[in-house]
Structure formats: structure tokens, C-alpha cells
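Biologist: I would like to learn how to read a model of this kind, feature by feature. Please give the general idea each time and then the case at hand.

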Amino acid sequence: MGKSFAAKMLYAYYDKTCNSSKLFDDLVIAWDVEINGTYRQHLNQYDVICLDMTNILGKEDPHDIVSFICIIEKYQMRI
């Protein structure tokens, strides 16, 4: 599994703007008794910021990337 795919799965699991239970309900995480409680507890319960770094890294000047990270940090401080 690729890093981008794994990141999108995490986004789908945690993001509270969608209902992704159908995506996960047939997986072990949903029906395994030992982890089922935390599965439902965290499913779609959080604000999630999704950044696709493949469109940023390698295409921009390194100083622009540092500026971009600083903007994100400032935004995060407001949340």
C-alpha cells in the first residue's frame, strides 16, 4: 500500500465531515472484539486537514516550502 493511499484511508477514518463506516465495516478493525470499541469511538469524529505534499515538494523553492509550513503552523494555533 502506498503512502498516499494510507494517508487517504486515515483521512476517511477520522474526518468528521463524512460517514465512512461502509468503507471500514467489513474490515477487521470493525468486527474484532478487542478493538471494536475504539473503532466506533474514533470513526469520523475529528476535524482533519488534508495536504497533498506531492504538489508542493520538488516543484517549489525550498524557501517557499518553509513559508508554507509557517502558514500552516499559524493556522493550527488558531484551532
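Biologist: Does Ser20 count as buried or exposed?

Modeller: Ser20 counts as buried because its relative accessibility is 8%. Before going on, note that this is a predicted model, in which local features need pLDDT of at least 70 and side-chain atom pairs count only at pLDDT 80 or more, while totals for chains, interfaces and linings use all residues. Residues are numbered from 1 along each chain as its sequence is written, and side-chain values use heavy atoms, with hydrogens and water left out.

Biologist: What is the mean pLDDT of the chain?

Modeller: pLDDT is the predictor's confidence in each residue, on a scale from 0 to 100. The chain has a mean of 80, and 80% of its residues reach 70 or more.

Biologist: Which residues does Ser20 touch, not counting residues up to four places away in sequence?

Modeller: Contact means heavy atoms within 4.5 Å. With residues up to four places away not counted, Ser20 touches Ala12, Tyr13, Leu43 and Asn44. For polar contacts the criterion is a pair of N or O atoms within 3.5 Å; within protein, one must be able to donate a hydrogen and the other to accept it, and residues adjacent in sequence count only if both atoms are side-chain atoms. The side chain of Ser20 reaches the backbone oxygen of Ala12 at 2.6 Å. A polar atom of the Asn44 side chain lies 3.0 Å from the backbone oxygen of Ala12.

Biologist: Where is Asn44 found, and what is its phi?

Modeller: Most residues other than glycine have a negative phi. Asn44 has a positive phi of about 55 degrees although it is not a glycine. Asn44 is found in the loop between α4 (33-42) and α5, and it is buried, with a relative accessible area of 10%. Beyond four places in sequence, its contacts include Tyr14, Asp15, Lys16 and Cys18.

Biologist: Which residues make up the largest nonpolar core?

Modeller: In soluble globular proteins, nonpolar side chains tend to be buried together. A nonpolar core is a set of buried Ala, Val, Leu, Ile, Met, Phe, Trp, Tyr and Cys residues joined through side-chain atoms within 4.5 Å. The largest one here has six residues: Ala12, Tyr13, Phe24, Ala30, Tyr39 and Leu43. Ala12 has contacts beyond four places in sequence with Cys18, Ser20, Leu23, Phe24 and Asn44. Ala30, in helix α3 (residues 28-31), is buried at a relative accessible area of 8%. Ala30 and Leu43 are 13 residues apart in sequence, and their C-alpha atoms are 9.9 Å apart.

Biologist: How is Ile29 placed, buried or partly exposed?

Modeller: Ile29 is in helix α3 and is partly exposed, with a relative accessible area of 30%. Leaving aside neighbours within four places, Ile29 is in contact with Tyr13, Phe24, Ile35, Asn36 and Tyr39.

Biologist: How many aromatic pairs does a search of the whole structure find?

Modeller: A pair of aromatic rings is described by the distance of the centres and the angle of the planes. Rings of Phe, Tyr and Trp (its six-membered ring) pair if their centres lie within 6.5 Å; planes under 30 degrees apart count as stacked, over 60 as edge-to-face and the rest as tilted. The search finds four aromatic pairs. One aromatic cluster is formed by Tyr13, Tyr14, Phe24, Tyr39 and Tyr46.

Biologist: Which residues is Leu51 in contact with beyond four places in sequence?

Modeller: Leu51 is in contact with Phe68 and Ile72. Leu51 is in the loop between α4 and α5 and counts as partly exposed at 41% relative accessibility.

How values were computed: Buried < 20%, exposed > 50% of the residue type's maximum accessible area, 1.4 Å probe, protein only. Helix = DSSP H or I, 4+ residues; strand = E, 2+ residues; numbered from the N terminus.
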